[in-house]
Amino acid sequence: MNNIQTLMKEHDPFTLEIVRESLLSIGEEMFYTLARTSMSPIIYEVLDFACGLTDRQGQLLTQGNGVAGFIGTLSYMVKDVINKYGSTNEIKPGDIFIINDPYGGGGTHLSDVGLVMPVFYKEQLLGFSANKAHWTEVGGKDPGSFTNDSTDIYQEGLQFPCIKLCEEGKMNDALVELIKSNVRFPELSVGDMWAQIAALKIGGKRFNELCERYGKDTVEASIDLLLYQGEQMALKEIAKLPNGTYEARNFIDGDGLGNGPFPIQVKVTITDDEFICDFRGSHPQVPGPINGSYTTLVTDIRTIFLAITNPSQDVNDGVFRPLKVITDRASIFSAERPAPVSNYWESGSSGADLVWQALASILPGRLTAGHFLSVCSVTLSGNHPDFGEPYLLVEPSVGGWGAGEKHDGQRGQFCIGDGETYNIPAEIAEARYGVMIDEYRLNCDGKGAGQFIGGAGTIRSYRILSDQAKATVTYGRHLYAPWGVNGGEEGSTNRFYILKSDGTSDGPYGMYARYPLREGDVLKLVTGTGGGYGNPYLRPVNQVIRDVKNGYFSVEDAEEKFGVVMDRQTCRFIRETEKRKQFLKNMSKAE
């Protein structure tokens with residue numbers, strides 16, 4: 001505190017704020033640079049990447065919007081570079097490091113490739129420019145690289161163990177050639193690599209321009225202020241939370257190899273100045289690729305921590321200083337080499353969901369009922385029917401979110417780990433790949449009833465236009481539905497089906513690797529409805545009628561779940577059931 005007071009006396013506070021806001025804008029500019037120069041739809045359409053700046057210690061200063069599951073990975077990447085090269089003075093101007101180590105260094109899975117560039121001002125290390133982006137291909141046994149039946153990391157693609165891609169301005173051409181020779185779509189992967197480099201250089205250039213304009217000392221003072229303010233805002237919000245210890249238990253469906261379900265648990269302890277999430281006792285790492293690294297767990301917990309404390313807060317490492325994350329070694333949340341981690345989000349998002357579940361009932365203003373949770377990833381590969389060239393469609397799926405204290409759940413949104421990402425638009429998918437979109441609509445399955453209802457998931461159907469296509473699909477939360485809150489009904493699970501050209505069907509499935517598809521087959525993807533909030537009898541009659549007319553619930557649902565009897569032909573209100581009347585009467589007496 002004394003250092004900050006001294007800093008404020010020595011520097012004009014208005015200038016410090018201007019520099020602080022300028023640092024935030026640099027992260028945004030890096031983000032847009034990468035999106036606009038990338039080659040792959042998974043980056044420029046889906047926005048599966050993150051960009052930002054750190055200080056010279058690797059503390060995150062700013063991060064452009066994108067995948068929520070990358071909050072925190074950039075600083076871990078930079079710290080890995082510092083630990084490996086800093087003590088031997090091997091970090092020099094013009095260096096660029098490449099890293100995708102899942103077990104450290106900001107690891108998620110091998111497909112998420114990170115680049116780190118030191119930023120020097122007048123030969124002094126100022127900080128680092130960093131980004132992480134999902135490459136369409138990093139090799140491995142399956143098209144798209146991440147699969148759901150790998151048994152070790154070596155099946156999942158190329159590993160970059162924090163090495164120099166560029167040394168003092170000279171590209172490591174041999175490494176680039178090695179990449180080209182080991183990926184199925186080299187023009188996409190290498191093109192995205194150059195887009196990442198462009199974003200790094202924009203970050204470095206703007207960082208230097210700040211120092212030129214305001215002076216290095218002022219910029220560094222603004223950095224200290226930014227981190228301090230982030231910490232103080234987090235502490236202020238933590239102090240508003242009810243102190244205590246809260247627990248939750250749940251399951252991860254399976255690992256893609258037929259094993260599971262796997263029990264997981266958390267104990268959340270809130271004090272006046274700490275927010276501690278203890279996952280010890282959760283299942284050890286498993287044979288299939290739904291393991292996550294400790295970094296993955298931390299970054300997902302950071303996401304729910306922001307939701308609980310201050311969702312609008314700009315992201316920096318100061319914000320997360322009060323947060324502590326604890327787990328056992330070699331657990332499903334902290335996998336160790338050579339455990340497969342291709343579908344790491346299943347464990348990471350489940351960790352965040354546990355904290356969410358533990359606190360939802362005591363923080364109804366911030367946390368909703370459970371949502372569809374999984375990234376619900378889809379990888380479609382085959383040969384284009386018009387050009388004969390191989391195609392690879394990789395994208396997440398949207399689904400239903402849970403209802404909250406004063407609102408229904410959102411419909412057709414991405415899961416907590418995806419954040420501000422997107423589908424590949426139907427027009428792009430049909431133009432670039434060998435598919436036709438038969439339908440894309442809400443999944444109104446009558447689940448998630450409550451005073452406030454869960455948001456509907458979606459149904460998306462891909463018709464295959466050529467033979468010898470394959471689908472690798474990972475739909476978690478296939479067995480255990482999103483949970484309701486305060487008497488709200490559970491939502492529904494995620495699943496997919498194969499509607500074959502001969503009229504037969506197969507499914508439902510949660511996970512399947514390389515399902516063989518022929519021309520005319522339809523891959524039907526169904527994501528779940530979120531959990532409901534509050535007893536369904538508390539939902540107003542006119543709102544239930546509107547729900548039925550909108551197709552969210554049937555006339556039968558209205559009577560069975562909400563106690564509202566309606567005419568099956570006209571949807572006209574007839575009466576309330578005796579059970580509903582008695583419930584509301586008892587509620588009135590209790591008040």
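Helix α9 gives the largest share of the lining of the second largest cavity, four residues. Helices are DSSP runs of H or I with at least four residues, strands are runs of E with at least two, and both are numbered from the N terminus. The model is a predicted one, in which local features need pLDDT of at least 70, side-chain atom pairs count only at pLDDT 80 or more, and totals for chains, interfaces and linings use all residues. Residues are numbered from 1 along each chain as its sequence is written, and side-chain values use heavy atoms, with hydrogens and water left out.

A cavity here is a set of points, on a 1 Å grid over the protein atoms alone, where a 1.4 Å probe fits but cannot get out; lining residues have an atom within 4 Å of a point. Grid points are joined across faces, edges and corners, and a volume is the space filled by probe spheres set on the points.

The second largest cavity has a volume of about 120 Å³. Its lining consists of 15 residues, and Phe251, Ile252, Asp253, Ser350 and Leu373 lie nearest its centre. Two or more lining residues come from each of β8 (244-252) and α9. By class, seven are nonpolar, four polar and four charged; Ala, Val, Leu, Ile, Met, Phe, Trp, Tyr, Cys and Pro count as nonpolar, Asp, Glu, Lys and Arg as charged, and the others, Gly among them, as polar.

Helix α9 (345-359) also lines the largest cavity, where α9 and β13 (390-395) each supply at least two residues. That cavity holds about 220 Å³ of space. Of its 20 lining residues, Asp48, Tyr344, Trp345, Val375 and Asp418 lie nearest the centre. Nine of the lining residues are nonpolar, six polar and five charged. In total, the structure holds six cavities of 30 Å³ or more.

Methods
1 Å grid on protein atoms, 1.4 Å probe; cavity = no way out; pocket = protein on both sides within 12 Å on 5 of 7 lines; lining within 4 Å.
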